[in-house]
Amino acid sequence: MDPILIQDVLKTLPHRFPFVMVDRVLSIQDGEVHALKNVTVNEPFFPGHFPQEPVMPGVLIVEALAQASMFCLHGQLDPGTIGYLAGVDGARFKRKVIPGDQLHLHAKLEFLRRGLGKTTCRALVDGEVAAEATILFAVAKG
């Protein structure tokens, strides 16, 4: 498949600046997604987290994984359907994410039944695990 560029990412996700955490979807295959978040020094959270040592907050890495998870359902949802975060299990943070990093977001759909779904996710930088979590979500009309 061709990558899904930001214009089409915005057609899928309801988020807008400064909360869009997926810049591009590189691949979708058999319920597995590989997406990309370019982390720049211009991110609005860096001036406060932390001024002397900018680090991407873990909660925003989890949000990026949750947004990437919605692409596991690409082409399967009716227009206007939104994924709502329902839970996060086993979140672990293994390395700092700093300006200049490319955050590779990997999500695998474990199940989707009656509007409830689960993905297992990893975020990598330079091939090294930065974070991992299991994301629980509910899908419904927005």
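**Ground rules.** I number residues from 1 along each chain as its sequence is written, and side-chain values use heavy atoms, with hydrogens and water left out. Because the model is predicted, local features need pLDDT of at least 70 and side-chain atom pairs count only at pLDDT 80 or more, while totals for chains, interfaces and linings use all residues.

**Sheet.** I looked up the strand order and found an open sheet of six strands, E1-E2-E4-E5-E6-E3, with antiparallel pairing. Strands are DSSP runs (E, at least two residues; helices are H or I, at least four), numbered from the N terminus, and two strands pair if DSSP finds at least two bridges between them. Strands E1 (24–29) and E3 (81–93) stand at the edges with a single partner strand each, so one side of each lacks a neighbour in the sheet.

I then looked at E4 (residues 102–113) and E5 (residues 116–125), which nine bridges join. Leu 109 stands opposite Thr 119 in E5.

**Salt bridges.** I count six, taking a side-chain nitrogen of Lys or Arg within 4 Å of a carboxyl oxygen of Asp or Glu. For accessibility, buried means under 20% relative accessible area, exposed over 50%, and partly exposed in between (1.4 Å probe, protein chains only).

Lys 37 bridges to Glu 43, with the closest N and O atoms 2.9 Å apart. Lys 37 is buried at 4%, and Glu 43 is buried at 10%.

Lys 11 bridges to Asp 8 at 3.2 Å. Lys 11 is exposed at 68%, whereas Asp 8 is partly exposed at 37%.

I also noted a salt-bridge network linking Arg 95, Asp 101 and Glu 128.
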